[in-house]
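Subject: The structure, and what turned up in it

Hi,

Here is the structure I promised to pass on. Have a look at it first, then read my notes below.

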Amino acid sequence: MENNHNQLEQAHLDFISTVSHELRTPLTSIRGFADTLLQSHDRLTPEQREKFLTIIKDQSNRLINLVENLLTVSKMQSNKELMIYKSVDVVPFVESAVQMIKNQYKTHKFVCNYEKNLPKIMVDTDKLQQILLNLIDNASKYSPENSLVEVNVGQNFNDNTLIITIKDEGIGINEADLEKIFNKFSRIDSPLTRKIQGNGLGLYITKTLVEKMNGEIKVSSCDKGSEFKVIFKASSPEDNGKKAIC
């Protein structure tokens with residue numbers, strides 16, 4: 001019993017330490033560049049001022065993203081996350097997510113492929129959008145410029161499922177790290193990931209949301225990139241137009 005208590009206490013301390021570090025980094029950057037603008041405004045060129053303000057904006061967005069992710073994790077762990085299920089066609093949600101991410105990664109090429117006569121799925125639409133945004137953004141973030149991000153939507157008739165596949169041309173993931181990437185605050189260490197901002201909560205949230213909606217997420221990787229598959233059961237005809245709250 002005492003051992004379990006010590007483990008929980010250590011997990012809590014690790015959580016606080018990690019969150020503190022994730023908050024301190026952008027806050028330090030914001031304060032430093034704000035101080036420079038206030039103290040040396042007249043001596044800075046317009047280009048330098050614009051650069052510093054852009055950094056402050058980017059770091060503010062990083063803080064907002066972290067806080068939103070922490071709130072999502074808190075709701076999920078307390079089982080206060082309200083899920084409203086609807087039977088929906090997934091294609092418009094994929095199109096919307098790709099369009100949003102495309103605006104952030106101007107040099108990337110995005111391709112979507114859809115099989116014909118796709119079944120509908122029974123999901124919470126807000127959570128589905130969050131899952132798609134997390135995975136497509138992740139694929140884009142960890143891929144080099146001018147690379148391809150591909151989203152395929154198909155179905156498996158044998159088990160009556162719909163499969164969303166997101167493929168990238170990034171650095172790939174070591175086999176030993178494939179399971180770790182879904183852990184809270186987990187980030188794979190490599191020269192590329194060290195340069196990219198992230199709080200290690202996106203994939204944890206994604207996996208949790210997928211499983212809460214009775215779906216499954218799989219990942220595979222090689223030297224030429226990674227592939228994430230999200231699998232949902234097709235909704236039955238009686239589900240169409242029906243809502244379920246849990």
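Which residues are buried in α4? They are T125, K127, L128, Q129, I131, L132, L135, I136, D137, A139 and S140. Buried here means under 20% relative accessible area, exposed means over 50%, and partly exposed is in between, with a 1.4 Å probe and protein chains only.

Before the rest, some ground rules. This is a predicted model, in which local features need pLDDT of at least 70 and side-chain atom pairs count only at pLDDT 80 or more, while totals for chains, interfaces and linings use all residues. Residues are numbered from 1 along each chain as its sequence is written, and side-chain values use heavy atoms, with hydrogens and water left out.

**The overall layout**

The chain has six helices and eight strands. Helices (H or I, at least four residues) and strands (E, at least two) are DSSP runs, numbered from the N terminus. Reading from that end, the order is α-α-β-α-β-β-α-β-β-α-α-β-β-β. Of the 246 residues in the chain, 42% are buried. As for contacts (heavy atoms within 4.5 Å), take those with a separation of 6 or more: 73% of them are between residues 24 or more positions apart.

The expected span of a helix is 1.5 Å times one less than its number of residues. D124 caps the N-terminal end of α4, with a side-chain oxygen 3.0 Å from the backbone nitrogen of D126.

A nonpolar core is a set of buried Ala, Val, Leu, Ile, Met, Phe, Trp, Tyr and Cys residues joined through side-chain atoms within 4.5 Å. The largest one has 46 residues, and V90, I136, I164, F228 and F232 touch the most other members. The element that gives the most to this core is α4, with six residues. Apart from it lies another core, of six residues, including I30, L37, I56 and L63.

Leaving aside neighbours within four places in sequence, I136 is in contact with A97, V98, I101, F110, V151 and I166.

**Helix α3**

Helix α3 (residues 91-102) has twelve residues and reaches 16 Å from its first C-alpha to its last, close to the 16 Å expected. V91, V94, A97, V98 and I101 are buried in α3. Seen down the axis of α3, these buried residues fall within an arc of 130°, so they line one face of the helix. (The arc is that of the directions from the helix axis to the C-beta atoms.) They pack against β2 (109-114), α4 and β4 (148-156).

**One aromatic pair**

A search of the whole structure finds one aromatic pair. Rings of Phe, Tyr and Trp (its six-membered ring) pair if their centres lie within 6.5 Å; planes under 30 degrees apart count as stacked, over 60 as edge-to-face and the rest as tilted. The rings of F33 and F52 have centres 5.0 Å apart and planes at 50°, so this pair is tilted. F33 lies in helix α1 (residues 2-40) and F52 in helix α2 (residues 46-77), so the pair ties together parts that are 19 residues apart in sequence. F33 is partly exposed at 23% relative accessibility, whereas F52 is buried at 13%.

**Polar spots in the strands**

A polar contact is a pair of N or O atoms within 3.5 Å; within protein, one must be able to donate a hydrogen and the other to accept it, and residues adjacent in sequence count only if both atoms are side-chain atoms. N152 sits in strand β4 and is buried, with a relative accessible area of 18%. Its side chain makes a polar contact of 2.7 Å with the side chain of N113.

S87, in strand β1 (residues 84-88), is buried at 13% relative accessibility. A polar contact of 2.9 Å joins the side chains of S87 and S235.

**Two asparagines with positive phi**

Most residues other than glycine have a negative phi. N117, in the loop between β2 and β3 (121-124), has a positive phi near 55° and is exposed at 73% relative accessibility. N160, in the loop between β4 and β5 (161-167), has a positive phi of about 55° and is partly exposed at 45%.

Cheers
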